[in-house]
Amino acid sequence: NIIETPENNKYYTDSEAENEFLSRIINFIADNDDLTENIKIWTKNPVHDGISYQYYSENNISVANSYPDVLIAIEKDGKKHQLVIEIKSGIKDLDPKKSQDLLEAYKKYVDEFSNRLTNEIDSLTMTICWVKEDSLIFKGNSTNEEVDKLLSSGITKGLGWIRKLLK
């Protein structure tokens, strides 16, 4: 599957859920000048060759690698934010246990990030997005307190919350 942006950039996707998500985020960014101006880079992360995070799987017995689907770097007023998104089908999550393991790992990564004395970026958000026909459901964690509250309760119906990362 291939998604193409108005600038003729091509993104190769692995699922219909990724197709739907990428189509929505491409349009969302294009429709919001503040995002267009402040998103420095966003990309589809290559599977098995891109940025990965380790997490415990199999009841904390083994360590696995996760290659999140989308990475977004936002910068405003000299502050840098990294947004990491794993995309899942909201109709049928193929591995709900893995999704739960990832959410637990994301919380640990965000907590660890918060406790560091220095970081190259100022804030971090890690989330899973379950894509359904008429909604997006996000769960995860963020060092941005307002976003963290939204993600821990589950955000639905769109991408508007991403604009809160510009504050």
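Is H48 exposed or buried? H48 is exposed, because its relative accessible area is 64%, where buried means under 20% relative accessible area, exposed over 50% and partly exposed in between (1.4 Å probe, protein chains only).

1. Basis of the note. This is a predicted model, in which local features need pLDDT of at least 70 and side-chain atom pairs count only at pLDDT 80 or more, while totals for chains, interfaces and linings use all residues. Residues are numbered from 1 along each chain as its sequence is written, and side-chain values use heavy atoms, with hydrogens and water left out.

2. Backbone at two loop positions. H48 lies in the loop between β3 and β4 (53–57); helices (H or I, at least four residues) and strands (E, at least two) are DSSP runs, numbered from the N terminus. Although H48 is not a glycine, its phi is positive, at about 65°. D77, placed in the loop between β6 and β7, likewise is not a glycine and has a positive phi of about 50°. Most residues other than glycine have a negative phi. D77 is exposed, with a relative accessible area of 72%. From D77 to E112, 35 residues along the chain, the C-alpha separation is 24 Å.

3. The largest nonpolar core. A nonpolar core is here a set of buried Ala, Val, Leu, Ile, Met, Phe, Trp, Tyr and Cys residues joined through side-chain atoms within 4.5 Å. The largest one has 30 residues, and F21, W42, F138 and I162 touch the most other members. At least two residues each come from α1, β3 (39–44), β6 (70–76), β7, β8 (123–131), β9 and α4. Helix α1 supplies the largest share, seven residues. A second, separate core of 15 residues includes Y55, L71, Y106 and M126. In soluble globular proteins, nonpolar side chains tend to be buried together.

4. W42. This residue is found in strand β3 and counts as buried, at 15% relative accessibility. Contact means heavy atoms within 4.5 Å. Not counting residues up to four places away in sequence, W42 touches T5, Y11, L22, I25, I26, I29, V70, L71 and I72.

5. I162. The segment after α4 holds I162, which counts as buried at 2% relative accessibility. Leaving aside neighbours within four places in sequence, I162 is in contact with I25, F28, L35, I74 and L83. I162 and V147 are 15 residues apart in sequence, and their C-alpha atoms are 8.2 Å apart.

6. Aromatic pairs. Rings of Phe, Tyr and Trp (its six-membered ring) pair if their centres lie within 6.5 Å; planes under 30 degrees apart count as stacked, over 60 as edge-to-face and the rest as tilted. By this rule there are three aromatic pairs. In one of them, the ring centres of F21 and F138 are 6.4 Å apart and the planes stand at 65°, so the pair is edge-to-face. Because F21 lies in helix α1 and F138 in strand β9 (residues 136–142), this pair ties together parts that are 117 residues apart in sequence. Both F21 and F138 are buried. The rings of F138 and W161 have centres 5.1 Å apart and planes at 65°, so they too are edge-to-face. With F138 in strand β9 and W161 in the segment after α4 (145–153), this pair ties together parts 23 residues apart in sequence. W161 is buried, as is F138. F21, F138 and W161 form one aromatic cluster. Beyond four places in sequence, the contacts of F138 include I85, T127, L151 and L159.

7. The largest pocket. Two or more lining residues come from each of α1 (16–30), β5 (62–66) and β7 (79–89), and β7 gives the largest share, four residues. The lining divides into five nonpolar, five polar and 10 charged residues; Ala, Val, Leu, Ile, Met, Phe, Trp, Tyr, Cys and Pro count as nonpolar, Asp, Glu, Lys and Arg as charged, and the others, Gly among them, as polar.
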